[in-house]
Every structure is written in C-alpha cells, then in structure tokens.
Amino acid sequence: MDTARVMELYTPSSDRGGSLGSGYRVGPALVLTAAHVVTGLPTWPAGDPVPGEVGTAGVCWARPLGLPDWTPAVVVWRDDDSDAAVLRLGPAAPALPPDSPAPRWGRVEGNEPIAVTAVGFPVALERPDRIRDTEQLFGFLAPAAMAKSGLWAVTISTAAPAARGGGSPWSGMSGAALFAGPFLVGVVVVHPAHFGTDRVVAVPLAGLLTDPALAELLPAARTIRAVRPAPTALAPEQAVVDTLLLPPDLVDRSTELGQLRASARQAGPGGRSVVLLTLHGMGGAGKTALARHLAAEMSPEFCDIRLETDLYGFTPGMAARPPAEVLEELLVSAGIAAADVPPTAERRSALWRSHLSARRVLLVLDNARDAEQVRPILPGSGPGRCLVLVTSRRRLAELEATAIVEVKVLDPADAVDLLIQASRQDPDRFAGARAELATVAALCGFLPLALRAVAGLLAHMTPGELAEVMRSARYPLQHLAQADRAAAAAYRVSSDALDDSLRDLLRACASHPGPDFDADSVAALTGRPRPLVAVQLAELADSNMLLGLPLGRYGFHSLFLGYARRDATDHQDADLLRAGLDRLCTGLLNRMDVAAGLIYTDSQYLRRSSTAEYGFADREQAQTWMGAAADELVTTAQAALAAELPQAPGFALRLGYWLHAAGKSDQPIALYEAVRAAAHAAGDRTGEADALSGLGLVTYAHGEFGRAAEAYQAARALYEQGGNHRAQAETVRGLADVGRVLGSYRDAQDNYQRALDLYETAEDARGQADSLKGLGDVAFARGDGPRARAAYQRAADLCARIGYRNGQADALTGLGDSAMLDGDPATAESAFRQSHDIYLATGNVHGLAYAYKGLGDATRTLGDLANALAWYRQADELYQRIGFPATHADVLRGTGDAARAQGDTDRAAALYQRAYDLSAGVRYLGGQADRLKALGDLAREASDTPRARACYRQAAELYDRTGNAAGQEATRRLLNDL
C-alpha cells in the first residue's frame with residue numbers, strides 16, 4: 001500500500017449535509033471507492049471533461065492524504081449492488097510521486113484466514129478544524145464468512161474509535177482499499193446496523209473485474225495474482241511472535257517517514273531479502289518513536305516474526321549489551337528452546353540467520369552503540385523478507401544501510417503541537433497561548449525529550465508562567481528538575497561514550513565563545529593540527545554531539561550547550577583556557593584582515609598579508625566566510641574583552657569597522673560600548689576616543705543622530721587632549737554629517753571646513769577629499785548647484801591624483817546629484833554608472849546603495865520607469881540591511897515619484913507617507929520637507945486644495961528652517977497658485 005494514493009472523499013448533499021468516505025488512487029486519475037459514498041451523483045458521460053471546480057453539480061470532492069486542497073472528481077463507473085465505484089479526477093489533481101508503485105491486484109483463494117490492512121478517514125477522527133485524520137486498521141478476513149452475499153467479513157484487531165451519533169465507529173472508512181500484503185484485494189464497506197465494532201465488510205475486487213466496463217477502465221487489473229495464506233501465517237486464535245511496542249503520539253514527521261517508507265518498500269516480493277534502515281540523531285530527538293511508528297505501519301506485511309529489543313547503547317547507568325546476550329533473547333523470543341541456543345556469539349548469529357532466512361521478519365534494534373554491536377544481529381539473505389530498523393545516536397555508516405535517515409529536532413509548529421499533545425490537556429485551553437507555547441518550545445530546543453518532560457507541567461501552570469521560569473534561569477531547564485535530569489543524562493551518556501581525545505575536543509568546543517565555529521578556530525583554540533581537528537569535528541557530528549552546519553561550521557544544540565559548558569568548566573584549566581582564547585583572537589583577527597583585504601580593496605584600514613594561509617581564493621570566498629563567521633567574531637571579541645586580553649580592544653575596534661563596512665551596523669554598537677568602558681576603566685584615553693568615534697559612525701548609520709553627535713563630541717574632546725589632528729578631523733566630519741542630515745546646514749558647513757583644515761594639517765589627502773564632498777553635499781541640500789558642483793569637482797580631482805577610488809566614486813555621485821539639480825539626467829546617469837562600477841569593484845556597499853538610488857532618479861527622469869523601479873528596488877533592499885534611514889527615505893520618495901508617473905497615485909501616496917514617517921523618525925528635516933511637498937502635489941492633482949495647502953505650508957516652514965532657498969521659492973510659488 002502506498003499512502004500517497006490514499007484519498008479523502010466528500011459528496012455534497014442538499015438534504016443531509018453530504019457523505020464522507022475514503023478511496024484509493026488506482027491510476028493517475030482514477031479513484032476506487034464504495035458506491036454509497038457517492039450516492040446521488042450521476043455517472044459522468046464518457047468523453048465529457050471533468051469540471052474544474054468542486055462546487056459544480058454532480059461532482060465529488062477528493063483530496064490526497066496530507067494535502068489541504070480539494071479537487072473535483074466524477075463517477076465514471078459504479079455497481080450499486082456490490083457497492084463499488086470508480087471516480088475520475090480533474091486535470092488539476094496533484095500528480096502521484098514518481099516512485100509511487102502501481103497497485104498489484106489480488107484474488108483471495110482458499111478458506112483460511114488471511115491478514116489484511118486498510119487506511120481511511122473515519123468520522124470519529126474528525127478534528128475541531130473539520131479535518132479528518134487517518135486510521136489504519138489491521139485484522140484478518142475469513143473468506144468463508146458471508147459467502148452467500150458475496151462479501152467478506154473482516155475481523156479487526158486494532159481498537160475501534162469512538163462512535164458518533166449512534167452509528168458505526170468506522171463510518172467514513174467506506175471506500176478504503178483493502179490490502180493483503182502487497183495486493184489490493186477489496187474495498188471496505190461499512191454497514192452500521194449489520195456488525196459490531198470489531199467487524200467491517202469488504203467487497204472482493206476479483207468478481208467486480210469481470211465487468212467489461214471496469215476492466216476497460218483498469219486494464220492493468222486483468223493481471224490478477226492468487227493470494228493465499230503464507231505457510232507460516234497464523235490463524236487468528238494463534239499468538240503471533242510479536243514483541244513490538246506501541247508507538248507514542250507522533251506529530252508530523254512526514255519527511256522522515258517518506259524516506260523510510262520508500263526504502264521499506266524494497267523488502268516486498270521481488271525486492272531485497274533484507275532491507276536495513278538506520279535512524280540516527282541526538283539523544284531525545286525521537287528516533288525510537290519514529291521507528292515504532294513505522295514498525296506499526298509495516299507490521300501486517302511481516303506476519304511471521306516481529307521483534308523489538310533495546311541494545312542499551314546509550315542508556316544511563318547501563319552497559320551496552322553484547323551481541324551474544326541480545327541474540328540469546330531474540331532466538332528464544334522467536335521460538336527456539338533455550339536449551340538449543342548455542343554457547344558462542346558466532347554460532348548464535350549463524351542460527352539466527354538460518355531461522356529467519358525463509359520467514360517474513362520485522363526487527364527493531366533500538367539504541368545501538370555502534371556498528372560492531374549491530375552487525376552480528378542482522379539477518380542474512382534467503383527466500384524470506386526482513387525489514388530491520390536500527391536507531392542510534394551515531395550514524396553507523398559502516399553498516400551500509402539501504403537508507404540512513406537523520407532524525408532532527410522538530411519544526412517550531414510541530415514542537416508546539418507535541419507540547420499540547422503530551423500535556424494531555426484539552427487543546428482548546430491553549431487556543432490563545434500558541435505564542436507562549438512557541439517560546440517554551442524554543443527554550444526546549446524543539447527537542448522531543450525535553451518537550452515531553454516539560455509538557456506535564458502545563459497541567460498546573462500556564463504556558464506564560466512556564467516560559468518565564470525557563471527564561472529566568474541560567475539555562476532553560478535549570479529549575480525543572482525532571483526535565484533537567486533527563487536532558488543532562490542524555491548528554492552525559494553520549495559524552496561518556498566518546499574516546500578521551502574526542503571528549504577533550506568536545507570540551508574545548510564548549511569553551512569556544514560560540515555560537516558556532518570551524519576547524520580553523522578550534523585548531524587555534526586547542527593548539528591541535530587543523531587536519532586532525534577537521535576529522536575529529538566530523539566524528540563528533542557523526543556521533544550527533546555537534547550539529548553540522550553549512551560552510552564547514554559546527555555548533556551545539558542549544559539545550560545541550562549548557563551541559564557541555566558545565567562539563568568543560570569542571571575539566572579544564574583556567575590558564576589553558578585563557579591561552580586558547582588568546583590564540584583564537586589572533587587567528588580570527590588575521591583571517592578577518594585577510595578577508596577584508598580581498599573584499600574592501602580601497603580601504604585605508606587594510607593590512608596586507610597573504611591569503612594562502614586561510615584558503616581564500618577570491619573575494620567571494622572571503623565574503624562568504626565573513627558572513628558565516630560574523631557572530632563568532634563578535635562573541636569572541638566580547639569574550640576577549642571580558643578576559644581583559646591585551647589584544648582585545650584592537651580586535652574589537654577593527655571588527656566593528658569591518659562589520660559596519662559590510663552593512664551590519666547593529667552588531668558593532670555593543671562592541672564599541674564594551675571597548676569604551678574597558679578603556680575608560682584602564683585610563684586609556686586614546687582607546688576610549690577610538691571607541692566613541694566608532695560608536696558615532698555606527699549610530700549615525702542607524703539613524704540615532706543625537707547619540708552619534710554625543711559620541712563624536714566626546715571623542716573629539718579626548719582627541720584634542722592628545723593632539724591627534726587626523727582623529728579630530730574624523731570626529732568633526734562626523735559631526736558635520738549629523739548636522740547636514742538634521743538640517744543644520746550652517747553648522748555642517750562650518751564643521752566640514754574645520755575638518756578640511758585639520759586634514760590639511762595632518763597631511764591626510766583622503767580626509768580632505770571626503771570633507772570637500774561634505775561641503776558639496778551641504779550646498780546641494782541648500783539647492784546651490786554651482787557651489788555644490790565646484791566642491792564635488794575639487795574632490796574628484798584630488799581623488800584622481802592620489803588614487804582614492806572610493807572618494808572618486810563619492811565625488812561622482814555628488815556630480816550626478818548636481819546634474820539632476822541642473823536638469824541634466826543623462827549626465828547624471830553617466831556619473832552614477834561610473835560610481836556604481838567603482839563601488840562594486842571596491843566592495844563598498846554603502847556607496848553602492850547610493851549609486852542604485854541615483855541611477856533610479858536619473859532613469860526615472862529620463863522616462864525609463866521600469867529600469868528606475870529596478871534600481872530603486874535594489875537600493876531599498878540594501879538600505880533595509882545597512883541602515884541609513886535618511887537616504888532610505890529618499891529612495892522611497894523616488895519610488896513614489898515613479899509610481900506617480902505610472903498613474904498609480906495610491907501607491908505613490910503610500911510611499912510618500914512611508915518616506916515622510918522615516919524622515920520624521922530621525923529628524924531629517926530636508927527629507928520631511930521634500931516628502932510634504934510631494935504629498936501636496938498629489939493632493940493638488942486630486943483637487944484636494946485644503947490638504948495641498950497644508951502640506952505646502954509645512955514644507956515651506958521646513959525649507960526655511962534648513963536654509964533651502966530653492967525649496968522655499970518652489971513651495972511658495974505653489975501656494976500662490978492655489
């Protein structure tokens with residue numbers, strides 16, 4: 001049976017609400033079901049297309065197991081006397097999986113009972129959201145029963161669901177396909193008045209297939225196999241050899257189950273004689289539950305022997321069981337007399353394989369320690385069929401299994417579902433608390449072991465209370481004794497199973513500041529050779545002690561990190577840890593500088609060194625590493641500062657600058673604050689000033705202009721005490737940047753001039769060029785095109801002489817803005833394209849974002865709205881990442897102008913309002929004025945004179961405050977026109 005073919009059916013009816021049933025997809029577009037499920041529907045004319053909507057008259061609703069949407073189906077064949085029908089699905093029906101096996105048709109022969117199974121959708125399993133869940137019934141059919149009616153009586157061995165409304169508990173299973181082993185032999189029919197809860201009736205398919213019309217629909221069914229009880233099949237009164245344990249509640253594991261089912265099918269007739277499936281994952285991930293679930297699903301196909309045994313590979317307080325002991329237990333359970341069990345493991349293994357060779361066997365080997373423990377227990381080849389499921393915390397690749405499936409932690413939504421399920425409380429009680437449950441699930445690391453242990457507490461406290469207790473602890477389970485013991489034991493037993501070298505490396509990894517690391521970092525931390533570390537990290541991931549992450553990185557599961565760090569603290573020397581952290585800082589600083597040299601080719605902060613040592617072949621590899629290692633770099637710098645390592649301030653300051661250069665201006669703020677505090681405590685005025693200057697840079701990018709100004713002022717005062725002219729110039733230019741954005745153009749102009757003078761004193765040509773660019777920006781903001789253009793040209797000429805490429809690009813953007821002010825968008829576009837190419841080559845993401853914005857402005861003015869919107873979109877995406885809300889607001893305004901030019905005034909108005917709000921949020925007065933003027937233009941075009949007048953008046957006031965004469969004149973002229 002393939003569950004991908006199982007269908008849920010609903011036939012609408014105006015008088016009684018409709019019929020519910022089940023079906024099985026016997027072809028790409030054909031569904032087999034019971035006739036009474038589609039009562040009232042006509043037989044669809046041959047050749048007529050199936051309607052495209054489920055609401056069409058004469059149409060049945062159908063949907064495959066696991067999919068949310070219904071698809072239309074019509075009746076193409078029916079036999080009301082036998083209560084069977086075939087439906088045709090519409091052309092939009094979901095396709096079957098490529099590996100879905102076609103049905104194999106069977107005819108039951110003889111009068112001996114035969115094991116059967118069926119999967120359907122009983123009404124009793126309908127959830128509050130009106131979705132029916134599946135039920136798989138197991139039982140046997142007695143071919144001689146109900147012989148006069150031509151039907152089969154199926155005796156059910158699984159528990160019946162609770163009946164609804166006095167009907168059959170199996171109502172809704174009608175139409176489910178009945179399988180005997182791999183063969184489809186019948187269709188389930190439910191007659192509530194005719195039998196008890198342990199009986200259903202089925203229609204044999206063999207007789208139906210004599211109908212020529214049905215045979216034409218199902219040509220493959222003409223090949224029908226005889227199905228007889230296997231020689232070793234047991235009569236219903238006999239006890240099957242079965243020690244399988246019932247599976248616990250299981251939330252969605254469809255991905256893993258799909259992998260396992262696809263491989264398990266290979267144990268069918270004509271397939272492999274032995275199929276071995278291994279399930280591996282960290283302790284508590286749910287491997288055993290998944291294996292038991294699959295075993296219960298597959299058990300009808302293995303009707304001779306079904307055994308489960310615990311190998312104690314990772315059981316706290318227990319030694320792993322030797323294979324000889326396990327084999328003795330299994331042989332006796334399988335019917336071998338204890339006196340006949342051989343004394344040695346080798347002979348027991350041989351007898352075990354001989355005993356299983358002609359039988360259908362399902363074997364669950366739970367909690368295996370390693371491949372050596374499992375290998376002697378595996379069945380051998382033969383005419384029988386064996387399915388073996390092995391669970392372990394190790395991958396067990398040496399076993400060469402048919403499939404190796406990793407069982408990971410649950411998805412967040414499934415983790416919440418498990419909490420509710422395992423709490424044994426009414427789900428309605430948690431209807432408004434999913435957010436709090438999601439917090440609890442995250443604190444449990446989405447690990448089923450912890451989720452089940454914590455869920456019981458929900459009977460006595462709210463999810464919010466539980467989350468608060470977990471958040472307030474040093475580690476999430478600290479105050480939850482039962483859950484803490486279970487998780488700690490799961491970690492400890494896995495750690496104890498490692499050899500000494502791997503355990504020591506695991507402790508070193510736990511002492512790493514985190515949150516993740518690679519082989520280079522751990523080699524620096526431990527002093528071990530990198531090749532050895534790379535192999536050992538892979539072994540730890542293979543043992544599920546570490547999580548393997550993309551790009552060759554590793555980390556701990558969040559729940560186990562606390563236990564790992566406690567273990568590391570108990571076993572590691574403080575001086576050795578400090579020495580390791582020092583080596584880690586040195587290694588990361590060197591790698592960071594090498595990567596930065598490849599990414600930012602025109603920065604004055606570069607330290608040139610060879611890239612070969614760190615394996616960066618090009619800029620792309622360096623950018624990939626910087627992105628992946630950003631969190632590790634930050635936490636390592638913080639740890640080095642806390643440990644007061646001598647190199648920590650320099651490391652943190654350089655890291656802050658490179659993170660800002662990469663557009664990650666949020667991360668360096670805490671670093672600069674920490675360096676500032678450490679330098680202040682140590683009386684290091686220069687270090688404190690450097691940290692304040694960096695803080696001004698990143699808070700300016702964040703739009704925290706008041707905080708940026710305070711930081712620059714404080715840094716400037718400290719630099720003045722030390723007589724550092726160049727550093728003073730940097731802070732004065734930073735103050736000028738803040739003043740310009742806030743509309744204090746006179747102060748900004750004065751500060752740019754002071755910065756220029758200081759840079760000249762310090763003989764810093766780059767700084768002079770940057771200050772000239774700032775003077776041009778102030779003139780541009782005031783609408784003074786000639787003065788702006790002159791300043792930009794001076795900056796461009798200076799940059800060309802000294803080879804300052806980023807400065808040259810900055811000057812080109814200024815010249816582009818000036819050309820836009822002069823009404824020359826073609827010249828502007830050329831300037832912005834040149835700056836774009838330079839920024840791209842030098843890795844300057846801040847400049848690149850502005851170039852995108854400028855290209856959007858120029859192409860919009862030239863009438864190329866499609867390209868303009870594309871440029872604005874790229875600018876918008878970058879500014880969302882790197883900050884600079886004032887310029888981001890300009891991008892939104894430009895996008896609004898393009899939308900307005902396209903006639904989409906509603907979108908334009910929304911964009912102008914967003915741009916105004918963003919400008920107002922950071923007190924960007926010039927931007928507020930421009931946005932108000934644009935909103936006024938829209939209101940005027942819509943003949944909303946009062947709103948237009950109000951917007952223009954506010955804009956004029958802001959232009960007046962900022963000294964923008966051109967803006968004042970334009971808005972006053974518009975007011976006069978009104």
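Over the ring of which residue does the charged end of Arg321 sit? Select Arg321 and Tyr312 in this predicted model: the ring is that of Tyr312, and the charged end of Arg321 is placed 5.8 Å from its centre.

For another contact between an arginine and a ring, select Arg385 together with Phe302. Arg385 lies over the face of Phe302, and the distance to the ring centre is 5.5 Å.

Turn next to the contacts between rings. The model contains 13 aromatic pairs. One of them joins Tyr475 and Tyr563 in an edge-to-face arrangement, with 5.6 Å from centre to centre and 65 degrees between the planes.

The last stop is the pair formed by Tyr700 and Phe705. The ring centres of Tyr700 and Phe705 are 5.5 Å apart and their planes meet at 55 degrees, so this pair is classed as tilted. Colour both residues by accessibility: Tyr700 counts as buried with a relative accessibility of 12%, and Phe705 counts as buried with a relative accessibility of 4%. Both values fall under 20%, which means that the residues meet the cut-off for burial.

Key:
Residues numbered from 1 in each chain as written. Predicted model: local features only at pLDDT ≥ 70, side-chain atom pairs only at ≥ 80, totals over all residues. Heavy atoms only, no water. Phe/Tyr/Trp six-rings, centres within 6.5 Å; stacked < 30°, edge-to-face > 60°. Buried < 20%, exposed > 50% of the residue type's maximum accessible area, 1.4 Å probe, protein only. Lys NZ or Arg CZ within 6 Å of the ring centre and 35° of its normal.
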